[in-house]
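Please keep the sequence and the structure in view while reading.

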Amino acid sequence: MSRIKFKKDYQRRFLKEILIALNCPSLRAINQFGFGIPYSTLKNYMNESRTIPEELFINLCSLAKINPESFDKEKLPENWGQVKGGKVKYSR
């Protein structure tokens with residue numbers, strides 16, 4: 001599952017634009033469209049402590065009828081952020 005990384009503050013702007021386009025009064029109201037995302041995860045997306053999955057990004061854009069190419073973003077590889085275990089030898 002790839003992730004979408006926005007520039008600073010652009011992920012929040014993207015989500016606010018989605019809320020306006022979908023006529024949702026709050027972040028919690030996004031789940032009325034059948035996404036089933038926990039509210040805490042949505043808050044983490046809003047305050048940019050987590051990156052948005054590519055599938056969710058595409059689904060939100062298509063639901064709100066917004067062009068996904070209109071946002072300044074970059075697609076991160078699937079293994080982005082994973083620890084490279086076993087590469088560094090630990091000795092005491």
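## Aromatic pairs

Searching the whole structure gives 6 aromatic pairs. Rings of Phe, Tyr and Trp (its six-membered ring) are paired if their centres lie within 6.5 Å; planes under 30 degrees apart count as stacked, over 60 as edge-to-face and the rest as tilted. The Phe6 and Phe57 rings form an edge-to-face pair, because their planes stand at 65°, with the centres 5.8 Å apart. Since Phe6 belongs to strand 1 (residues 3-6) and Phe57 to helix 3 (residues 54-64), this pair ties together parts that are 51 residues apart in sequence. Helices (H or I, at least four residues) and strands (E, at least two) are DSSP runs, numbered from the N terminus.

Phe6 counts as buried, at 9% relative accessibility, and Phe57 is buried with a relative accessible area of 2%. Buried means under 20% relative accessible area, exposed over 50%, and partly exposed in between (1.4 Å probe, protein chains only). Phe6 also pairs with Phe71: the ring centres are 6.4 Å apart and the planes are at 85°, so this pair is edge-to-face. It links distant parts of the chain, with Phe6 in strand 1 and Phe71 in the loop between helix 3 and strand 3 (73-76), 65 residues apart. Phe71 has a relative accessible area of 12% and is buried. Through ring pairs, Phe6, Phe14, Phe57 and Phe71 are linked into a cluster.

## Basis of the model

The model is predicted, so local features need pLDDT of at least 70 and side-chain atom pairs count only at pLDDT 80 or more, while totals for chains, interfaces and linings use all residues. Residues are numbered from 1 along each chain as its sequence is written, and side-chain values use heavy atoms, with hydrogens and water left out.

## Charges over rings

Two arginines are placed over tyrosine rings. The charged end of Arg13 sits over the ring of Tyr10, 4.7 Å from the ring centre. For Arg28, the charged end sits over the ring of Tyr39, at 3.9 Å from the centre. A charge sits over a ring if NZ of Lys or CZ of Arg is within 6 Å of the ring centre and within 35 degrees of the ring normal.

## Helix 1 against helix 3

Helix 1 (residues 10-21) packs with helix 3 at an angle of about 35°, and their axes are 9 Å apart. Axes are lines fitted to C-alpha atoms, for helices over the stretch in contact, and angles run from 0 to 180 degrees between N-to-C directions. Helix 1 passes helix 3 in a left-handed crossing. A crossing is left-handed if the near helix is turned anticlockwise from the far one by less than a right angle, and right-handed if clockwise.

Helix 1 contributes Phe14, Leu15, Ile18 and Ala21 to the contact, and helix 3 contributes Phe57, Leu60, Cys61 and Ala64. Contact means heavy atoms within 4.5 Å. By class, the contact of helix 1 with helix 3 holds 8 nonpolar, no polar and no charged residues. Ala, Val, Leu, Ile, Met, Phe, Trp, Tyr, Cys and Pro count as nonpolar, Asp, Glu, Lys and Arg as charged, and the others, Gly among them, as polar.

## Two positive phi values

Most residues other than glycine have a negative phi. Asp9, which is not a glycine, has a positive phi near 75°. Asp9 lies in the loop between strand 1 and helix 1 and counts as partly exposed at 39% relative accessibility.

Glu48 is not a glycine either, and its phi is positive, at about 65°. Glu48 is placed in the loop between helix 2 and strand 2 (52-53). At 26% relative accessibility, Glu48 is partly exposed.

Cys24 is in the loop between helix 1 and helix 2 (39-46) and is buried, with 9% relative accessible area. Not counting residues up to four places away in sequence, Cys24 touches Leu19, Ala29, Ile30, Gln32 and Phe33.

Ile52, in strand 2, is buried with a relative accessible area of 0%. Leaving out residues up to four places away in sequence, those touched by Ile52 include Phe6, Phe14, Leu15 and Phe57. Glu54 is found in helix 3 and counts as partly exposed at 23% relative accessibility. Glu54 touches Ser2, Arg3, Ile4 and Lys75, again not counting residues up to four places away in sequence.
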